[in-house]
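Colleague: Got the model open. Can we go through a few features?
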Amino acid sequence: MKESIREEEVLKIIKDYGKVSRLKLAEVFGLTSARISKVTKILLEKNIIVETAVGESSGGRPPVYLSINNEKFKDILGINLTSNRIMYITIGKINGDIVKRKKISLDMLKPEKREDTLKVIDGVVSDEIKENPNIGAISIIITGSVDEEKGMSIMSPHYKLKNPKIVEYFERKYDLPVLLENDVRAMALVEKQIGGCRDIENFVVFNLGDGIGSASCIGKKIYKGHNSMAGEAGHIVINTNSIRKCSCGKRGCLEAESSEIAVIKKITSEIKIGKYSVLKDVLKEKDNLTIKDVLFGVKKRDFLVIQVMTEAMEYIARGLNILISVLDPEKIVLVGEIFSSKFLMDTLKFELNKISLELNKYSIEPTRLGEELYFYSPIAVVVENIFENKSFTKKYTKD
């Protein structure tokens, strides 16, 4: 039997369960009801937890459920910068409720205003705090390599950051606790908390937009790696004969071959040298194709589009096969508009079946969350860190 228990351990279990009885807590920790009652009494006195509901009696006294006191925690301001250069702005609660959703295309801003991404974020944070003085924490999600412990953006090819020390910058300026996380790791947290992986211990999230990234959950913990750079699947060299240069500087990376930007560039260049496509007239009407145009071409079974996209699915299958072979996940969640096409999903599964081991048993499907994935990501990071990250928890729960 466990002899002692920390308050943080009890709080984490209450948070994970949503609501839980003292009897269940005693079972989880292998402690007596008296010992658990002593700890929960202290937490009730601190007003961090509350008694919320009475359960059905099984013969004795009906159980009283405990849950986190949401009123103890101020609102969370979430900023999510995606690889498609869309900024998702969220204000939410520690229980996961979202009270405000807004999104901005950074490419629509004047060039001088988007010269330094940190200033763009700062402008949004300043405006939101003026509107909502109840904001008590800031959560920032960004693409590329992130060292969340140091609060730094190590490499973000889609954004210009003159000062990569994001956490230090915002904590000093606003005197609020700040969290920073990689975009796909945050997606994995969302899938774990409210998505299709709530009851799955080992899974992979694979994100395809203007860039490509992945995140792995092993034993219900997000794997970050020695340098906090795990998940850079987009920079696996998948085609050693390629002349296409990636944003990282290498040639033949998965991102350079199969990202949205990559397939659009391939289709556009082929049309410009005279190849026929139903997208030729679309390209005449506007400067650039979009991924929606590509999916239109797939739907029409355009030969050029199908050729390019089949090759892209083949490369993605190779990248996923590496992840499957190394990690042996139970499930793979795909994020990206491309995966909304049944034809492309069937093609991807076909290519995967050709190269993966028969012993590898896994399910693979697009995320079911849609845009909620992007809005909820910053909230998920706070929910994950509360009662886990001592420094952040202390700042966020201060009176």
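Colleague: Which strand does methionine 155 lie in?

Modeller: Methionine 155 belongs to strand S9, residues 152–155. Strands (E, at least two residues) and helices (H or I, at least four) are DSSP runs numbered from the N terminus. This is a predicted model, where local features need pLDDT of at least 70, side-chain atom pairs count only at pLDDT 80 or more, and totals for chains, interfaces and linings use all residues. Residues are numbered from 1 along each chain as its sequence is written, and side-chain values use heavy atoms, with hydrogens and water left out.

Colleague: What is the relative accessible area of methionine 155?

Modeller: 30%, so methionine 155 is partly exposed (buried is under 20%, exposed over 50%, partly exposed in between; 1.4 Å probe, protein chains only).

Colleague: Switching to the sheet. What is the strand order in the open sheet of five strands?

Modeller: The order is S6-S5-S4-S7-S10, with mixed pairing (two strands pair if DSSP finds at least two bridges between them).

Colleague: Which strands stand at the edges?

Modeller: S6 (98–105) and S10 (178–182); each has a single partner strand, so one side of each has no neighbour in the sheet.

Colleague: How many bridges join S7 to S10?

Modeller: Five, and S7 (residues 135–142) runs parallel to S10. Isoleucine 142 has asparagine 182 in S10 as its bridge partner.

Colleague: What does helix H6 touch on the sheet?

Modeller: Helix H6 (residues 183–193) touches S7 and S10, contact being heavy atoms within 4.5 Å. The direction of H6 makes about 100° with that of S10 (axes are lines fitted to C-alpha atoms, for helices over the stretch in contact, with angles from 0 to 180 degrees between N-to-C directions).
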